[in-house]
Amino acid sequence: TWVYDRIISLQCHNIIPEEKRDPLLLEKLYAERSGVMYKAIQAAKSVVERGYKYTEPKSQAEMRAQYRSDNNSVLSFLHECCEMGDGSTNTWCSAQTLYRIYSRWCSDNGRRPKSSREFRNQICEELNGTFSDLTKHRKAGNFYKTLIPKKETETEYRKLFDEFWDPEEASNTIDYDDLPF
């Protein structure tokens with residue numbers, strides 16, 4: 001986060017068609033260099049007076065968050081494939097299953113998955129909690145209490161749920177009354 005908090009992205013939607021571009025623009029800017037420098041110095045002084053804080057429009061913060069997500073497979077996965085449940089046992093998801101879905105999602109999208117530890121740590125950082133705060137341990141493993149796959153993700157990767165879950169075995173391996181399966 002601390003790296004991305006230092007990034008200010010600039011988007012230019014006003015692209016000048018090649019036939020309308022000024023071939024003398026560089027020379028014109030150079031001729032106005034004292035005015036350009038004056039404006040830059042005034043802007044820098046303003047930032048110093050505000051305690052080195054930039055004013056930032058909401059769109060800039062959103063663009064930075066999107067850039068951060070695009071560069072991090074775990075964040076992309078969370079934003080695209082997961083949602084927050086209500087914390088009831090019907091919305092619990094196995095940490096192992098969620099990681100397997102993430103790994104398959106990375107493979108399907110040409111991305112390299114992070115290790116399960118990195119995945120878990122990134123989730124904890126994003127949700128501002130520790131792993132023990134965000135999960136409940138049962139005989140069958142750890143279950144996220146509020147983080148769940150979206151319905152479309154669950155449908156698309158249903159096979160991963162089915163591969164690792166045997167309802168017949170459920171009553172023998174976990175605290176069955178506490179889980180929704």
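Colleague: At what angle do helix α3 and helix α4 pack, and how far apart are their axes?

Modeller: Helix α3 (residues 58-70) and helix α4 (residues 73-81) pack at about 110°, and their axes are 6 Å apart. The axes are lines fitted to C-alpha atoms over the stretch in contact, with angles from 0 to 180 degrees between N-to-C directions. Helices (H or I, at least four residues) and strands (E, at least two) are DSSP runs numbered from the N terminus.

Colleague: What kind of model is this, and how are residues numbered?

Modeller: This is a predicted model, in which local features need pLDDT of at least 70 and side-chain atom pairs count only at pLDDT 80 or more, while totals for chains, interfaces and linings use all residues. Residues are numbered from 1 along each chain as its sequence is written, and side-chain values use heavy atoms, without hydrogens and water.

Colleague: Back to the two helices. How are α3 and α4 oriented to each other?

Modeller: α3 and α4 are roughly perpendicular (65 to 115 degrees).

Colleague: Which residues meet there?

Modeller: From α3, Arg68, Ser69 and Asp70 meet Leu75, Ser76 and His79 of α4; contact means heavy atoms within 4.5 Å.

Colleague: Is Arg68 buried or exposed?

Modeller: Arg68, a residue of helix α3, is buried, with a relative accessible area of 15%. Buried means under 20%, exposed over 50% and partly exposed in between (1.4 Å probe, protein chains only).

Colleague: And what is Arg68 in contact with, leaving aside neighbours within four places in sequence?

Modeller: Arg68 is then in contact with Thr1, Tyr4, Leu75, Gln122, Glu125 and Glu126.

Colleague: How many residues of α4 are buried?

Modeller: Seven of the nine residues of α4 are buried, and the helix is mostly covered. The seven are Ser73, Val74, Leu75, Ser76, Phe77, Leu78 and Cys81. These buried residues pack against α3, β1 (82-84), α5, α6 (116-126), β5 (147-149) and α8 (151-156).

Colleague: Changing topic: how many aromatic pairs does the whole structure have?

Modeller: The search finds seven aromatic pairs. Rings of Phe, Tyr and Trp (its six-membered ring) pair with centres within 6.5 Å; planes under 30 degrees apart are stacked, over 60 edge-to-face and the rest tilted. One of the pairs is Phe77 with Tyr102, which is edge-to-face at 5.5 Å centre to centre and 70° between the planes. This pair links distant parts of the chain, since Phe77 is in helix α4 and Tyr102 is in helix α5 (residues 95-108), 25 residues apart. Both Phe77 and Tyr102 are buried.

Colleague: What about the rings of Tyr99 and Tyr102?

Modeller: Their centres are 5.8 Å apart and their planes are at 45°, so the pair is tilted. Tyr99 and Tyr102 are three residues apart in helix α5, which means a separation of about one helical turn. Tyr102 has a relative accessible area of 0%.

Colleague: Which residues form the aromatic cluster?

Modeller: Phe77, Tyr99, Tyr102, Trp105 and Phe119 form one aromatic cluster.

Colleague: What is the phi of Tyr52?

Modeller: Tyr52 has a positive phi of about 65° although this residue is not a glycine. Most residues other than glycine have a negative phi. Tyr52 lies in the loop between α2 (33-49) and α3, and with a relative accessible area of 63% Tyr52 is exposed.

Colleague: And where is Asn128 found?

Modeller: Asn128 is in the loop between α6 and α7 (131-134). Its phi is positive, near 55°, and Asn128 is exposed at 72% relative accessible area.

Methods
Parallel < 35°, antiparallel > 145°, perpendicular 65-115°, else oblique.
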